[in-house]
Amino acid sequence: MNFIKFLGTAGARFVMISQLRYSGGIFFSIDGTSFIVDPGPGTLIRAINSRPKLNISKIDGIFLSHRHLDHSCEINLMIEVMTEGGFKKRGIVFAPSDCLFKDPVILLYCRDFPEKIQVIEEEKIFYINNLRFEIPVKHRHGVETYGFKLKMKNKTISYIPDTEFFPELIDRYKGSQILILNTVLYEKRENIQHLCLLEAEQIIKNIKPEKAILTHFGMSMLKNKIWEKKDEISERVGTEVIIANDGMNFEF
Ligand SMILES: [Zn+2]
């Protein structure tokens, strides 16, 4: 069974700092390959406390969408976890160039631990084992940020991490059957480069995935009890919308 496990659903600083929601990133297990996406604070402890048990030390890769701490805080730790403390060279790390070269969040001392560290760029294609990833577009988020489309035989799973809305997002993530959207804001706030609920709905309505999963919630989403609005949102967009919670396991 393939699954996506949400080790954390916190978005933006306040929810992360207060740990109102955990910030442990997203664990994927697909066709026998597993990888972690955006290992924020608490990823390791959330993974170890996970039930049923997650084999976090056996991951084959790490995908870092951008350098903000709620996404990157445990990137070095995860590299050590994946490589048995640096003693076993294995796995692949994907990260934007600004995580590696200027004021790097991936420390120099653990750069040699993985099999490969791959700089991600718009329109590039990458692999973890047999899983094929496309990087559709550079997001608009202040720092270099990318999501992915993971192409399986009969499904495409896409992850749209932090970004402000721009229409090209819709074209570039088209053809996704499972769509994960980091939806921080309940209502739009000028000069905050995050999606609000209405914009997430607009993307879902146009892409028409089989299922859309909202995660990475800021304070306004929690205050407005976003989990109680699942049905009305699903009805508005004409797609089943799932509101992620900490520890949620999505199987497919
Ligand atoms: Zn961010």
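In this predicted model, the largest pocket is lined by 22 residues, and those that lie nearest its centre are Ala12, Arg13, Val184, Ile192 and His194. Two or more residues of this lining come from each of helix H1 (12-18), helix H3 (69-72), strand E11 (178-185) and helix H7 (219-223), and among these elements H1 gives the most, with 5 residues.

The second largest pocket is lined by Asp31, Thr33, Asn130, Leu131, Lys151, Met152 and Lys153.

| Pocket | Volume | Lining by class |
|---|---|---|
| Largest pocket | about 500 Å³ | 9 nonpolar, 8 polar and 5 charged residues |
| Second largest pocket | about 160 Å³ | 2 nonpolar, 2 polar and 3 charged residues |

Ser29 lies in strand E2, which covers residues 26-30, and, when residues up to four places away in sequence are not counted, Ser29 touches Asn2, Phe3 and Ser34. Is Ser29 buried or exposed? Ser29 has a relative accessible area of 17%, and because buried means under 20% relative accessible area, Ser29 counts as buried.

Methods
Residues numbered from 1 in each chain as written. Predicted model: local features only at pLDDT ≥ 70, side-chain atom pairs only at ≥ 80, totals over all residues. Heavy atoms only, no water. Helix = DSSP H or I, 4+ residues; strand = E, 2+ residues; numbered from the N terminus. Buried < 20%, exposed > 50% of the residue type's maximum accessible area, 1.4 Å probe, protein only. Contact = heavy atoms within 4.5 Å. 1 Å grid on protein atoms, 1.4 Å probe; cavity = no way out; pocket = protein on both sides within 12 Å on 5 of 7 lines; lining within 4 Å. Points joined across faces, edges and corners; volume = space filled by probe spheres on them. Nonpolar A, V, L, I, M, F, W, Y, C, P; charged D, E, K, R; others polar.
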